[in-house]
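The report below goes through backbone features, aromatic contacts, nonpolar cores and the relation of the chains. Please read it beside the sequence and the model.

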There are 2 protein chains.
Amino acid sequence: MRARRIGLSTSQHQPTAYMRSDCDVCRSEGFAARSEILVASGHGEIVAGIVHCSPELLHGDEIGLCEKAWASLRVEPGELVAVGHAPTVASLGELRRRVYGNRLSQGSFQAIITDVVAGRYNDVHLASFVTACSAFPLDLDETMGLTRAMVDVGDRLSWGSGIVVDKHSVGGLPGNRTTPIVVAIVAAQGLLMPKTSSRAITSPAGTADTMETLAPVDLNLAAIRRVVEQEGGCIVWGGSVRLSPADDFIIGVERVLDLDAVGQMVASVLSKKIAAGSTHLVIDMPIGPSAKVRSEAAGIVLSDALLAVARGFGLETRIMPGPGLEPVGRGIGPALEARDVLAVLRNNPGLEDLRSRAIELAGAILELGGRTPPRSGAELAAQTLASGSAWEKFQRICEAQGGMREPPCAAHRHTLTAARPGRITGIDNRKLAKLAKLAGAPAAKAAGLEMHVRLGDAVEIGRELCTVHAETHGELHYALAYAAADGAIFTVAE
Amino acid sequence: MRARRIGLSTSQHQPTAYMRSDCDVCRSEGFAARSEILVASGHGEIVAGIVHCSPELLHGDEIGLCEKAWASLRVEPGELVAVGHAPTVASLGELRRRVYGNRLSQGSFQAIITDVVAGRYNDVHLASFVTACSAFPLDLDETMGLTRAMVDVGDRLSWGSGIVVDKHSVGGLPGNRTTPIVVAIVAAQGLLMPKTSSRAITSPAGTADTMETLAPVDLNLAAIRRVVEQEGGCIVWGGSVRLSPADDFIIGVERVLDLDAVGQMVASVLSKKIAAGSTHLVIDMPIGPSAKVRSEAAGIVLSDALLAVARGFGLETRIMPGPGLEPVGRGIGPALEARDVLAVLRNNPGLEDLRSRAIELAGAILELGGRTPPRSGAELAAQTLASGSAWEKFQRICEAQGGMREPPCAAHRHTLTAARPGRITGIDNRKLAKLAKLAGAPAAKAAGLEMHVRLGDAVEIGRELCTVHAETHGELHYALAYAAADGAIFTVAE
């Protein structure tokens, strides 16, 4: 059939093919069954879900391709593509076995993850996999098996035979943007830290989004290697290197279901680090009722699993639990967090929580990487920051990545104020994150929230709580509608 | 925003809204998160998944609506609709509880099923629910709770205070089209059998599809009541009456995952019968490795659950296990099965398996409904058929429903033949059903398969096994490609 580009994009991973309901393939496949077909060009093949369209939208011999399908098949308009049966997805038998509570082998995870990355799992399959692994949690062997499968299905980086340090934050704490500060400190002290980060999937900002407001992050592997060779570190987007590509598929579905099984969290985190070629890893683990890890007990379970699997892969790991009751820093959203990062690097007063957290994490990395004896890392990290050494290194990294720039400012703002007097006894991180996202973050880089209060602050009526920043009036309005409807973001008590 | 009809239809239940990626709602909602919005018109509101479209496809103030959304909102082109946040789906907390193995109350099922029918569950949510109920099967109380919730969320029919008989086939056996024959026999003997049936969801034909080739089935409730009052029975499509509307949502996802948990099967079957107002029910249960119920043991488990729940609702039920090793009759597909039905009603020779199965089921209904003493139902049923009484009643029912007609014939055919000599030792019902569907059934009413052999038959090279019928050459070709690739439909052994 002749390929026709349809400018539509779903956020599901499975691409879509558009076909007239009166065409033979559609009649054969039927309508009610979430049918999938195989579409092949000279450059590759995809499994696509079928969407039926009315006859005015396509010619009889045309097949419409969504943007994802169009990009995958790399065809010209009108080029012929082959349309046929989607092959049976062999690993679904393994998925079914887990639904009934059976253990899965390394080979089973390999088969499942391979099919996931090849786009053969639709939302129903992905959701079933995530649910089955929450209903019947992965044991240690299975977590190792899933981790290995996720590493093996993507690319793998190597940085020579020396120490390569890395950092990960388990997440759930808005504004917790320590990475650029930590990389600057650690690289200034001579440890190799080639940090690849993701863009936000469901949070208001990922490290790559925030860094991008300060310098280019969209580097290919050759450029990344040049920066690292020159500066000993980088803060880039990992997109050009396919590290653990199954992770995004799985995380997207986990978020919809609000499921975060320990085994899948461990595999998600460690597969990316192992694929990135890291040898030494510090994990920041904020703990709080509205963070990702909701209690100390949950933290212990997750830590044990992380350490056991990391050990199995020869990855030296140290976990740093910390408070997770409220955001870190003042900004939530790419540009707003970037301003906090700059303020800390420049040793501006304020932002003590962000500064001390970054120092603590950098210190742990300096110790783990053998740059300093145990219990003296934080002091060295603090000195590196205070002396301006970290700030200088950060500027050099930005220049090496393509040039440093000023983060943008949002044109539209509105401040939420306290409706009654009292003390701030609770801050809901999840709702803050949602509000920042509705304001446009991270797609709108200047959008997000600017916090004005912390837990425990006493407030009077009219006291500024947080300012919503948005790039357009419409986004501001949309975000404020949510804040008005779901007011319990800040808990104020007598 | 101004509503614009987009002639696209997905087979998922959740409707789709199309928005320009540069519009404020899209920027707010973000892209990566399977976002959903609430769209409201004067006639109702829907939760829709967002698909981003490029700016050439819509004006800046337009929102595109898929066919399902357009039908639900009942707006005129260009009419204004309100676009806002999709409300939090409260029952997802209950879904999550089941994912972690907790029991669900009647109220929990009520909440979940209400949200499902309101379209608030997308494919990810539905798949998680189905998976959780397979991972942790429903106990008897829960099965009752789910059944009640599925009844309560839809319409309910009443036929006065007398006996109302019904029949259900658990399925998985192509061509097992006994209902029209059974209704004719039973109604000819004076029992009330107001049979509402579904169209096929994933099989090559549903009773409604097959019957529609013989008479109109698309009757509204008033018309259905008129037919039943006049003839004591009917064979219609249940579409105008919303009986257990959650069933289709759940079945669609179960089929994709090939999951058929006992509790959900029981709730699916019985909720429809209870809602239909039936008082006495005979269940045909074919058992075989490629039928829905794969073994005697599985049949016992399902039967026990069906009987226990039916008893709880005061529904008199009798289960008739039977052979499920091969199709019943010769035809698979609406028109082909209709021809078998006519042949049996007219007492044409042949089709003994279909005839005797229909007699057995009708006989059980006659006994259960008190028309005849135990163990004499089959004889009365056989007489009713042989005398022409059932054929006369069937013709009268067809006339009452709007007029009897001749089933169509397929223009294109191809016969599959035996490649080697031997004996037919196995027939794969699932693959036969798939082949019939790929040939176009049930959308193409004349399409399907015509069987020429039965289990145990001796065949020589070139012996006709089955003929594929299709309305277009393209569908025939598509189906034959499948048959060629997946040849093990008939197992022939020395």
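## Backbone features in the loops

Leu351(A) lies in the loop between helix 13 (334-345) and helix 14 (352-368) of chain A, where helices (H or I, at least four residues) and strands (E, at least two) are DSSP runs numbered from the N terminus. Its phi is near 55 degrees, a positive value in a residue other than glycine, and Leu351(A) is buried, with a relative accessible area of 15%; buried means under 20% relative accessible area, exposed over 50%, and partly exposed in between, with a 1.4 Å probe and protein chains only. In chain B, Asn347(B) is placed in the loop between helix 13 (334-345) and helix 14 (352-368). Asn347(B) also is not a glycine and has a positive phi of about 60 degrees, but this residue is partly exposed, at a relative accessible area of 31%.

The model is a predicted one, in which local features need pLDDT of at least 70 and side-chain atom pairs count only at pLDDT 80 or more, while totals for chains, interfaces and linings use all residues. Residues are numbered from 1 along each chain as its sequence is written, chains are lettered from A and ligands numbered from 1 in the order in which they are written, and side-chain values use heavy atoms, with hydrogens and water left out.

Cis peptide bonds occur in both chains: one runs from Ala441(A) to Pro442(A), with omega near -5 degrees, and another joins Ala441(B) and Pro442(B), with omega about -5 degrees. Pro442(A) belongs to the loop between helix 17 (429-438) and strand 16 (448-451) of chain A, and Pro442(B) to the loop between helix 17 (429-438) and strand 16 (448-451) of chain B.

## Aromatic pairs and charges over rings

Over all chains there are three aromatic pairs, counted where ring centres of Phe, Tyr and Trp (its six-membered ring) lie within 6.5 Å, with planes under 30 degrees apart taken as stacked, over 60 as edge-to-face and the rest as tilted. One of them is the tilted pair of Phe136(A) and Phe136(B), with 5.1 Å centre to centre and 45 degrees between the planes. Phe136(A) lies in the loop between helix 5 (123-135) and helix 6 (140-152) of chain A and Phe136(B) in the loop between helix 5 (123-135) and helix 6 (140-152) of chain B, so this pair joins two chains. Both phenylalanines, Phe136(A) and Phe136(B), are buried.

Trp391(B) and Phe394(B) form a stacked pair, because their ring centres are 6.4 Å apart and their planes stand at 20 degrees. These two residues are three apart in helix 16 (residues 389-401) of chain B, and are therefore separated by about one helical turn; both Trp391(B) and Phe394(B) are buried.

Arg199(A) lies over the face of Trp237(A), 4.9 Å from the ring centre, a charge being over a ring if NZ of Lys or CZ of Arg is within 6 Å of the ring centre and within 35 degrees of the ring normal. In chain B, the charged end of Arg199(B) sits over the ring of Trp237(B), at 4.8 Å from its centre.

## Nonpolar cores

A nonpolar core is a set of buried Ala, Val, Leu, Ile, Met, Phe, Trp, Tyr and Cys residues joined through side-chain atoms within 4.5 Å. The largest has 104 residues, of which Phe490(A) and Phe490(B) touch the most other members. Another core, of 60 residues, lies apart from it and includes Leu104(A) and Phe109(A).

## Relation of the chains

Chain B can be laid on chain A with an RMSD of 0.0 Å by a turn of 180 degrees and a shift of 0.0 Å along the axis, with least-squares superposition on the C-alpha atoms of residues with pLDDT of at least 70 in both copies. This is the relation of a two-fold axis.
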